[in-house]
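Please read the numbered points beside the sequence and the structure.

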Amino acid sequence: VPLPDSPQRWSQALEALKGVWASKYNDRAYYSLRKVDLNFDDVRMAVLVQGVVPAKYAFVIHTKNPSNNDESEVFCELVQGLGESLVSGMIPGSSIAFRAKKNNLDHPEVLCYASKSEGMFVPESLIFRSDSNGEDLEGYAGAGLYESITMDATVTKRVDYMDDPLMQDAEYRQFILSEICKVGAAIESALGSAQDVEGVVAPDNTITVVQTRPQV
């Protein structure tokens, strides 16, 4: 992970760090805790610092299909650019949604094509990610409630999915979607329970997993 190399860069890093810690106190988190009758002070917030992986696409995998609770299916969503446009709700529109049976991962089924007209991008940077004990608190997941902040500002750009190889090349689409589904199934098998996985596809089609946690 490249360290900040100037006082200005260290100041940017500190602001990102404080922003993640401060997200513990956002309204959604507060009311979610009240809903399950948990004490606000029960949540402990750590911050994970990672290098931003260059992302052509970002994805989320649920290794148990959350729409029908089918344990035999992997359900995934994918967008162009950073995963924040998928998980933060800041970019309106739908992602590419797909699923695959765990006994037939080579043949994923597209359920929905993307309608997002924008994506989020960032140059080489560090990302400060929330890492709370929310998943350890009974009845409370905490997933998606806290911030992940890049040291350098993200840029929102127009994107056109119709010109993307995922739309134009059926063989490429099947390959990428299938590889993502296989990653999810492998992680679930290794950890022994359904997982909520986040990752990216690099420009050379290398898949990197940036986070996994038990699916609730």
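1. R129 is buried, with a relative accessible area of 7%; buried here means under 20% relative accessible area, exposed over 50%, and partly exposed in between (1.4 Å probe, protein chains only). This residue is found in strand β7, where helices (H or I, at least four residues) and strands (E, at least two) are DSSP runs numbered from the N terminus. The model is predicted: local features need pLDDT of at least 70 and side-chain atom pairs count only at pLDDT 80 or more, while totals for chains, interfaces and linings use all residues. Residues are numbered from 1 along each chain as its sequence is written, and side-chain values use heavy atoms, with hydrogens and water left out.

2. What surrounds R129? Residues up to four places away in sequence aside, R129 touches V20, A46, V47, L48, Q50, E147, S148, E198, V210 and Q211, a contact being heavy atoms within 4.5 Å. Its side chain makes polar contacts with the side chains of Q50, at 3.5 Å, and of Q211, at 3.1 Å. A polar contact is a pair of N or O atoms within 3.5 Å; within protein, one must be able to donate a hydrogen and the other to accept it, and residues adjacent in sequence count only if both atoms are side-chain atoms. The C-alpha atoms of R129 and E84 are separated by 11 Å, the two residues being 45 apart along the chain.

3. V20 also belongs to the buried residues of α1, which are A13, A16, L17 and V20. Seen down the axis of α1, these buried residues fall within an arc of 100°, so they line one face of the helix; the arc is that of the directions from the helix axis to the C-beta atoms. Their cover includes β1 (45-51), β7 (126-132) and β8 (148-150). On the other side of α1, P7 and Q8 are exposed. The helix has 16 residues and reaches 22 Å from its first C-alpha to its last, close to the 22 Å expected at 1.5 Å a residue; the expected span is 1.5 Å times one less than the number of residues.

4. How many salt bridges does the model hold? The count comes to 12, where a salt bridge is a side-chain nitrogen of Lys or Arg within 4 Å of a carboxyl oxygen of Asp or Glu. One of them joins the side chains of K18 and E15, at 3.0 Å from N to O. Both residues lie in helix α1 (residues 7-22), three residues apart, about one turn of the helix. K18 is partly exposed at 41% relative accessible area, and E15 is partly exposed at 47%.

5. A second salt bridge joins the side chains of E73 and R99, at 3.9 Å from N to O. This pair links distant parts of the chain, with E73 in strand β3 (residues 73-80) and R99 in strand β4 (residues 96-101), 26 residues apart. E73 is buried at 6% relative accessible area, whereas R99 is partly exposed at 24%.

6. The strands around this pair deserve attention as well. Strands β3 and β4 run antiparallel and are joined by six bridges; two strands pair if DSSP finds at least two bridges between them. The bridge partner of E73 in β4 is K101. Strands β4 and β5 also run antiparallel, with three bridges between them, and A97 stands opposite C112 in β5.

7. A network of salt bridges links D70, E73, R99, K101 and E109. D70 is placed in the loop between β2 (57-62) and β3, and its side chain makes a polar contact of 3.2 Å with the side chain of K101. E109 lies in strand β5 and is partly exposed at 39% relative accessibility. Not counting residues up to four places away in sequence, E109 touches A97, F98 and R99.

8. The last pair is D106 and K182, which form a salt bridge with their closest N and O atoms 2.6 Å apart. D106 lies in the loop between β4 and β5 (109-112) and K182 in helix α5 (residues 170-191), so the pair ties together parts that are 76 residues apart in sequence. D106 is partly exposed at 39% relative accessible area, and K182 is partly exposed at 30%.
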